[in-house]
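Let's take a walk through a protein together. Keep the sequence and the 3D view side by side, and look up each part as we reach it.

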Amino acid sequence: MQGADSEQPPKRPRCDSSPRTPQNTRFKAAEGSPDPLPSDHKTWDPEQVCLFLKRNGFEDSALLDRIREKEITGSLLFNLDESHLDNLGIRSLGERKKLLNSIQLSQIHVDTVKVINDPIHGHIELHPLLIRIIDTPQFQRLRYIKQLGGTYYVFPGASHNRFEHSLGVGYLAGCLVRELSEKQPELQISERDMLCVQIAGLCHDLGHGPFSHMFDGRFIPLARQGVKWKHEQGSVDMFEHLINSNDLKPIMECYGLIPEEDITFIKEQITGPPKTPVKDVSWPYKGRPKEKSFLYEIVANKRSGIDVDKWDYFARDCHHLGIQNSFDYKRFLKFARVCEVGNLKHICTREQEIGNLYDMFHIRTSLHRRAYQHKVGNIIDTMITDAFLKADPYIEITGTEGKKYHISTAIDDMEAFTKLTDNIFLEILHSADPKLAAAREILEKIQRRNLYKYVGQTQPKKRITKEDREKFREELAKAKPDVITLEVELQAEDFIVDATNGAGTIAGLNVLRIINEPTVTAIVCSLDRKVGAERNTLILKLGGGTFDVSILTIKHGIFEVKSTAGDTHLGGEDLTTEWSATSLKSSSASIRRLSVRTRGLSVAFVLLGNVLSILSSSTQASIEIDSLYEGINSYISITHVQFEHLNTDLLHSTLDPVEKALQDAKLDKSQICDIVLVDDFTHIPKIQKLLQDFFSRKELNKSINPDEAGAYGVDAQPLSQTSWATFDIDANGILSVSAVNKSAGKENKITTTNDKGCLSKEDNERMVQEAEKYKAEDEKQQDKVSSKNSLETYSFNNKITVEDEKFQGKINGEDKQKILDKCNEIIKWLDKNQTAEMEEFEH
């Protein structure tokens with residue numbers, strides 16, 4: 001801290017356009033509060049020095065008169081020595097200590113803002129009061145709570161914590177509220193309002209327990225059944241404890257806050273409106289009046305979900321997970337305005353920003369799909385929860401007045417809760433207490449990667465209620481075949497999701513064996529009939545909404561599923577969404593104004609999805625949508641190279657489940673004999689190339705029609721011990737299906753022919769002649785398309801290469817920019833010259 005008399009050098013202008021947090025700001029006093037003192041104590045005259053002393057408990061009129069008589073100013077007050085104190089008549093040790101403590105406290109108040117170098121937002125400035133809050137045990141506790149909990153065990157880069165996220169939210173809250181204040185002074189946003197909003201952003205996550213959402217989302221509901229507790233409630237309890245235990249109310253007053261009102265306002269921003277609204281009261285909040293309703297939408301927006309909390313964790317989580325973040329919060333800041341809607345003031349943006357908001361919600365979906373709901377991360381969270389439940393009765397945490405609390409009851413006492421962090425994991429793991437043996441065993445399994453096994457999941461067609469889930473579990477526990485003996489008795493709580501047996505029982509079937517989809521696919525390929533003692537087969541199925549990978553071992557016609565992996569939120573729909581959003585954003589301004597609820601947008605997404613199906617087997621596809629919006633037609637064209645460029649991250653992520661499946665099967669990739677692709681999207685050239693490169697150019701089996709796989713499977717396996725079905729297709733394409741029930745002595749048969757809708761012999765001959773006639777022209781067109789695709793591929797590959805982080809520092813900035821400019825020039829030219837001649841593409 002600089003000396004009291006030293007002059008502060010002026011700050012240089014900021015390079016970016018983000019708003020600055022005010023320095024040394026003591027805010028204007030609210031109505032009824034004492035007159036404020038200037039923020040710079042060096043400017044205080046003797047009367048203001050007397051006012052300062054009176055506020056700090058010096059009521060002796062003789063002392064105050066001596067201050068005025070000797071003209072003690074603010075500059076001198078903060079440099080008093082022993083002789084000054086004697087002259088002022090302050091001789092007792094107690095009085096001298098009291099005065100020096102007051103001066104020291106005031107010096108802290110007039111500290112400058114602190115600058116922190118944040119990896120996400122750069123150099124950010126935080127108000128001195130925020131620094132006082134940060135430098136407390138309750139806030140420092142957040143350093144030891146991982147932002148993404150068990151996900152860190154899946155993504156090694158996800159080591160960031162709640163501490164840094166909270167700093168970012170506090171900073172962004174200040175950015176947004178100051179932008180609104182500067183652009184709309186009529187809102188009368190006070191400096192006091194601004195500071196309260198920043199404090200709410202800073203403290204919104206104080207209540208998180210060990211491993212973040214695992215604690216209040218999984219552990220507490222099981223450990224304290226019937227207790228409705230969320231981390232938001234913990235945050236307001238911890239905030240109040242932080243203020244009281246660190247005696248921060250006087251400091252808040254020195255910065256112009258009124259603790260009785262402003263602490264309430266800060267807590268309301270974190271928790272939202274009360275669960276049970278007060279009867280006959282239209283405005284549920286007490287901290288700020290209805291005219292400032294928009295202030296409650298900055299930190300935690302309960303209305304639209306667009307708030308600074310998400311802006312920071314989108315950017316921060318993407319950074320640490322290695323996922324691209326396409327949402328630009330700085331753009332939202334520029335165009336945010338407060339408008340009156342339905343008698344309340346809300347934060348709004350112009351309609352042209354719909355594309356940016358699409359990106360925000362798309363990245364949220366992407367993060368949930370690829371990280372937050374990662375099945376291995378969820379398994380690890382479940383295992384940690386189980387370990388904590390087993391350890392809970394034996395863990396003691398000292399709280400207020402020495403009272404002992406457990407992991408689950410620490411939420412009832414903030415002094416105990418302050419001591420509860422992710423470190424409890426290591427305490428259990430390294431404990432020698434025999435009572436913790438069961439919990440320790442689970443955590444040791446996590447360390448050794450001996451995780452719970454993932455069986456599978458399904459996507460229900462309707463929203464499943466809590467009552468439905470309980471009913472399904474009970475039904476599933478009872479839905480076992482009578483002819484099978486189980487080593488243990490199944491209970492309802494043993495099930496998470498496994499609806500196959502239950503569905504079979506409800507349908508009146510005696511389910512003896514379930515043939516999984518990979519086995520059916522292997523049967524279709526006749527892999528069980530290939531020569532060899534044992535063959536390992538990899539089956540990949542990239543469907544509309546999921547990506548499934550299975551490894552089977554086939555020996556003497558017997559199939560054994562060695563491992564399964566995949567991503568239940570990675571499929572053709574995700575590729576469609578990625579490109580569709582980009583395509584619509586690049587369309588005309590009128591089309592970009594489409595609302596997510598409009599029929600036109602729904603039609604567009606369906607048609608764009610059809611285009612991607614074409615691209616799985618063609619080099620280029622296009623679509624023209626008539627009257628998409630207000631009578632405007634839209635024409636969109638894309639090549640498979642452009643499609644692959646837009647979906648680089650998603651396409652590359654298809655190798656992750658492959659590696660996981662090999663790891664779980666304990667196989668090396670060289671041990672895989674057959675690689676079978678199922679579904680159209682698996683036939684995307686880029687996916688095939690990635691697989692062939694990964695498996696050292698091994699040939700891929702692409703002969704499977706996914707719609708036929710199930711039917712073939714029926715032919716290959718018996719329906720029961722007593723019923724058989726046979727499918728037969730002769731050389732003329734005539735299909736015969738027969739079914740025999742031996743026990744009942746019944747047989748039935750149906751035959752279909754292939755003459756319906758077929759071409760006549762004359763039509764076939766005519767088409768052959770036309771093909772010969774246009775052969776030369778077709779070959780010329782093919783060469784032209786090939787030249788165009790080669791140029792496009794070359795340009796995109798060069799662009800991707802120079803932008804790759806691995807090449808940073810290997811190419812100087814000037815050369816890199818020249819390459820990028822040339823690549824962009826070629827790509828732009830290709831877009832405008834789709835019908836150019838082959839010679840133009842080659843030269």
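Does S190 count as buried, partly exposed or exposed? The model you are looking at is a predicted one, and in it S190 has a relative accessibility of 28%. Buried means under 20% and exposed means over 50%, with partly exposed in between, so S190 counts as partly exposed. You will find S190 in the loop between α8 and α9, where α9 covers residues 191–203. From S190 to R178 is 12 residues along the sequence, while their C-alpha atoms are 9.8 Å apart in space.

Now step back to the whole chain. The protein has 843 residues, and 44% of them count as buried. Its secondary structure includes 35 helices and 15 strands. Think also about which parts of the sequence meet: among contacts between residues at least 6 apart in sequence, 63% join residues at least 24 apart.

Next, let's look inside. The largest nonpolar core holds 110 residues, and the members that touch the most others are F139, I199, I298 and W311. Helix α8, residues 162–183, gives this core its largest share, 10 residues. Take F139 as an example: leaving aside residues up to four places away in sequence, F139 touches I133, I134, F163, S166, L167, L202, L206 and L242. There is also a second, separate core of 24 residues, with L542, F547, V549 and L700 among them.

Let's turn to a pair of helices. Two packed helices are described by the angle between their axes and the distance between the axes. Helix α14 (residues 308–321) packs with helix α16 (residues 354–372) at an angle of about 45°, and their axes are 11 Å apart. The two helices are therefore oblique to each other, and their crossing is left-handed. Where they meet, α14 brings K310, W311, Y313, F314, D317, C318 and L321, while α16 brings M360, I363, R364, L367, A371 and Y372. You have already met W311 as a member of the largest core.

While you are at α14, find H320, which lies in this helix. H320 has a relative accessibility of 18%, so it counts as buried. Not counting residues up to four places away in sequence, H320 touches G157, A158, H160 and E164.

Strand β8, residues 547–555, pairs with β9 in the antiparallel sense over 9 bridges, and I551 stands opposite S563 in β9. In contrast, β7 and β12 pair in the parallel sense over 5 bridges, with K541 opposite V678 in β12.

Methods. Residues are numbered from 1 along each chain as its sequence is written. This is a predicted model: local features need pLDDT of at least 70, side-chain atom pairs count only at pLDDT 80 or more; totals for chains, interfaces and linings use all residues. Side-chain values use heavy atoms; hydrogens and water are left out. Two strands pair if DSSP finds at least two bridges between them. Helices (H or I, at least four residues) and strands (E, at least two) are DSSP runs, numbered from the N terminus. A nonpolar core is a set of buried Ala, Val, Leu, Ile, Met, Phe, Trp, Tyr and Cys residues joined through side-chain atoms within 4.5 Å. Buried means under 20% relative accessible area, exposed over 50%, partly exposed in between (1.4 Å probe, protein chains only). Contact means heavy atoms within 4.5 Å. Axes are lines fitted to C-alpha atoms, for helices over the stretch in contact, and angles run from 0 to 180 degrees between N-to-C directions. Angles under 35 degrees count as roughly parallel, over 145 as roughly antiparallel, 65 to 115 as roughly perpendicular and the rest as oblique. A crossing is left-handed if the near helix is turned anticlockwise from the far one by less than a right angle, and right-handed if clockwise.
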